[in-house]
Amino acid sequence: MSTRSVRDAAVATRLRRTTTLDVPEDFETWSVEDLADWLHDTEDDPQVSDEDFYQARKAVQMLGVEDV
């Protein structure tokens, strides 16, 4: 297991533990495009709090999506 995959798994685990978001089990393995799509859907969900969205955006950026 690479250092990156350990870090990515930690990012996803933290997001699951600190938000009420539904974060899929394989979230940290998604492509940049899939992560960006998920974040966009999360932003459009009226039930997602501003804080949860902020945490989601931060996690997606840590997983390699730069333009969010």
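Helix α3, which covers residues 50-62, holds 13 residues, and at 1.5 Å a residue it should span 18 Å; the expected span is 1.5 Å times one less than the number of residues. Its end C-alpha atoms do lie 18 Å apart in this predicted model, which agrees. Helices here are DSSP runs (H or I, at least four residues), numbered from the N terminus.

Buried residues in α3 are D52, F53, Q55, A56, A59 and V60, where buried means under 20% relative accessible area, computed with a 1.4 Å probe on protein chains only. These residues cover an arc of only 160° around the axis, so they sit on the same side of α3; the arc is that of the directions from the helix axis to the C-beta atoms. An α-helix has 3.6 residues a turn, so residues three or four places apart point the same way. Just after α3, G64 adopts a positive phi of about 115°.

The whole structure contains 2 aromatic pairs, counted when ring centres of Phe, Tyr or Trp (its six-membered ring) lie within 6.5 Å. The rings of F27 and W38 have centres 4.8 Å apart and planes at 65°, so this pair is edge-to-face, a label for planes over 60 degrees apart. Because F27 lies in the loop between α1 (3-18) and α2 (32-44) while W38 belongs to helix α2, the pair ties together parts 11 residues apart in sequence. F27 is buried, at a relative accessible area of 0%, and W38 also counts as buried, at 12%. Ring pairs join F27, W30 and W38 into a cluster.

Residues are numbered from 1 along each chain as its sequence is written, and side-chain values use heavy atoms, leaving out hydrogens and water. Because the model is predicted, local features need pLDDT of at least 70 and side-chain atom pairs count only at pLDDT 80 or more, while totals for chains, interfaces and linings use all residues.

Notes: Helix = DSSP H or I, 4+ residues; strand = E, 2+ residues; numbered from the N terminus. Buried < 20%, exposed > 50% of the residue type's maximum accessible area, 1.4 Å probe, protein only. Phe/Tyr/Trp six-rings, centres within 6.5 Å; stacked < 30°, edge-to-face > 60°.
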